[in-house]
Amino acid sequence: MNENPGALVPELLLLAAAVVGLLLGAWLPRRRQYPVRLLAAAAAVAGLAATAAAAREPDQVVFGTSYAIDGITHATRAIVLVALLIALALSADATRGHRRETEFVVLLLLGSLGTIVLGGANDLLLLFAAFLLASVPLYALAGWDARALSTEAAMKYYLSGAFLGVAMLTGTAILYGVARTTAYSAMRDGLAGAGTAVVAVGVVALLAGLLFKAGAVPVHFWVPDVTAGTPPAVAAIVSTIPKIGALVAVYRLLLVAVPPEAVDATLLVAVVAAASMTLGNLAAFFQTSVQRMLGYSTISQVGYLLMAVALAGRSELAQPALLLYLAAYAITNLGAFAVVAALPTYSELDDYRGAARRHPLLVAALIVCLLGLVGTPPTAVFLGKLTVFTAAVEGGLGWLAVLAVVNTVASVFYYLRWIAPLFRDADDEHGAETLPALGAARTAYLAAAASVALGLGGGVLLPLLSGPPAVAP
């Protein structure tokens, strides 16, 4: 067995920061726990450096066949660690001086660790363990501030996750019973000669848990309630970071473990993608709460991302398209939530009336992020969508690309429902001057700038995101 802890430096840094941070927080004054946040940020920066160093080494599978260290895992690490840094900055204003600040940071670290392990898991048992690690800390994070709405949201999130976790475990048991192994590469041979019906049941049950983490239809029902019922910083984390690992995990599973002759997973995922982008957009049209609107927006974004997942093994562009879009989505979505966090008293669309006059820089960042989520050039999501649509046409899913274009055009209208009030004159009810939270505002500016920069330079990254997954010998 290739037991090589040195290959897991980014993961170990997050784990060490979580453990040390929890111990450190126990000794720090309740109102001065910011060193734990600094420790988490240092671990993320060191993890990015370790990821860059590991990317120069040959691909490998460590700890037997359990964990793949390859281009997909490196990209997942980088995206999650950057998202972690943005989330730490975004949440600083809301948690600074809070008596439970350490708990917030530690839960965020553990959830990010589980998300990375989801992306690199090469064995069903490790995949399920990563699912739990990416889920349980975020259930607690949803109820972190102990408000009535947050507690209700956390309960809905937990109960949904518990049910779908059981479904995922059932799928794992079925696939193990058929293939006699939980290792991806060996599973492919074992499933190839099995009955289509039983393999389909196992794959669907397994995907149910992962799609729950991604917030895709039909297991999306928790997303709007959790997004609207939690503070903006928590909503940003829950609606962004877990999606990264979940979608990468589905892609790796379909590419390495599930043979196309056993079950047509491409069609299944394509249908889920179509339903997610369409339902998410339609539901967002009727929202007046900005956080609930962003919640439904994330469901539609998952639909576009699942297009690349559906093309696993059918298009060479699928992998770079998925990874680039994930990076673009993470930065842009966190940027939009950063604006919401910077103006915590603005909860409804009408509250933003006249904001362009009062907060011009924040409004500029918000417009960049919202138009970025639409897929407007030169933002990063535009490049991600363009690559995904091209891959869909090349991979024989032209009908899905057409539907995605229609949904993209339709999404402009509900984002404009948020943008239009920014330039209207505010009445007395909506015209009160509000000082933005400085940390969240700066985060919004940086995220908007990063979205444009990635859109302009993302073409250079596309070749670096290609390459086959690591497979155990």
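Which residues does Gly190 touch, not counting residues up to four places away in sequence?

Author: Gly190 touches Val178 and Ala179, once residues up to four places away in sequence are left out. Touching, or contact, means heavy atoms within 4.5 Å. The model is predicted, so local features need pLDDT of at least 70 and side-chain atom pairs count only at pLDDT 80 or more, while totals for chains, interfaces and linings use all residues. Residues are numbered from 1 along each chain as its sequence is written, and side-chain values use heavy atoms, with hydrogens and water left out.

Gly190 sits in helix H8, residues 184–192. Helices (H or I, at least four residues) and strands (E, at least two) are DSSP runs, numbered from the N terminus. With a relative accessible area of 24%, Gly190 is partly exposed. On this scale, buried means under 20% relative accessible area, exposed over 50%, and partly exposed in between, with a 1.4 Å probe and protein chains only. Glu57 is 133 residues away from Gly190 along the chain, and their C-alpha atoms are separated by 31 Å.

The loop between helix H7 (148–179) and H8 holds Arg180. Arg180 is exposed, at 66% relative accessibility. Its phi is positive, about 65°, although Arg180 is not a glycine. Phe63 also has a positive phi, near 55°, and is a residue other than glycine. Phe63 lies in the loop between strand E1 (60–62) and strand E2 (67–69). Its relative accessible area of 27% makes Phe63 partly exposed.

Two other loops contain a cis peptide bond. The bond from Val217 to Pro218 is cis, with omega near 10°, and Pro218 belongs to the loop between helix H9 (196–214) and helix H10 (222–229). The bond from Pro377 to Pro378 is cis as well, with omega near 5°. Pro378 is in the loop between helix H17 (360–374) and helix H18 (380–394).

Some residues in the helices are buried. Thr76, in helix H3 (residues 71–90), is buried at a relative accessible area of 1%. Apart from its neighbours within four places in sequence, Thr76 is in contact with Thr115, Ile116, Gly119, Ile244 and Val248. Gln319, in helix H15 (residues 318–342), is buried too, at 6%. Leaving aside neighbours within four places in sequence, Gln319 contacts Ile72, Tyr251, Leu465, Ser466 and Gly467.

The next step is how helices pack. Two packed helices are described by the angle between their axes and the distance between the axes. Axes are lines fitted to C-alpha atoms, for helices over the stretch in contact, and angles run from 0 to 180 degrees between N-to-C directions. Angles under 35 degrees count as roughly parallel, over 145 as roughly antiparallel, 65 to 115 as roughly perpendicular and the rest as oblique.

Helix H14 (residues 290–310) packs against H15 at an angle of about 175°, with the axes 9 Å apart. H14 is therefore roughly antiparallel to H15. Among the residues in this contact are Leu294 and Tyr304 of H14 and Leu322 and Phe337 of H15. By class, the contact has 14 nonpolar, four polar and no charged residues. In this count Ala, Val, Leu, Ile, Met, Phe, Trp, Tyr, Cys and Pro are nonpolar, Asp, Glu, Lys and Arg are charged, and the others, Gly among them, are polar.

Helix H1 (residues 9–27) and helix H5 (residues 101–120) pack at about 165°, again with axes 9 Å apart. H1 is therefore roughly antiparallel to H5. Their crossing is left-handed, a word used if the near helix is turned anticlockwise from the far one by less than a right angle, with right-handed used if clockwise. The contact includes Glu11, Leu14 and Gly21 of H1 and Thr102, Val106 and Ile116 of H5. Its classes are 11 nonpolar, four polar and one charged residues.

Helix H13 (residues 265–284) and helix H19 (residues 398–419) have axes that come within 9 Å and cross at roughly 20°. H13 and H19 are therefore roughly parallel to each other. H13 passes H19 in a left-handed crossing. Residues of the contact include Met277 and Asn281 of H13 and Trp399, Tyr414 and Arg417 of H19. The contact has 10 nonpolar, four polar and one charged residues.
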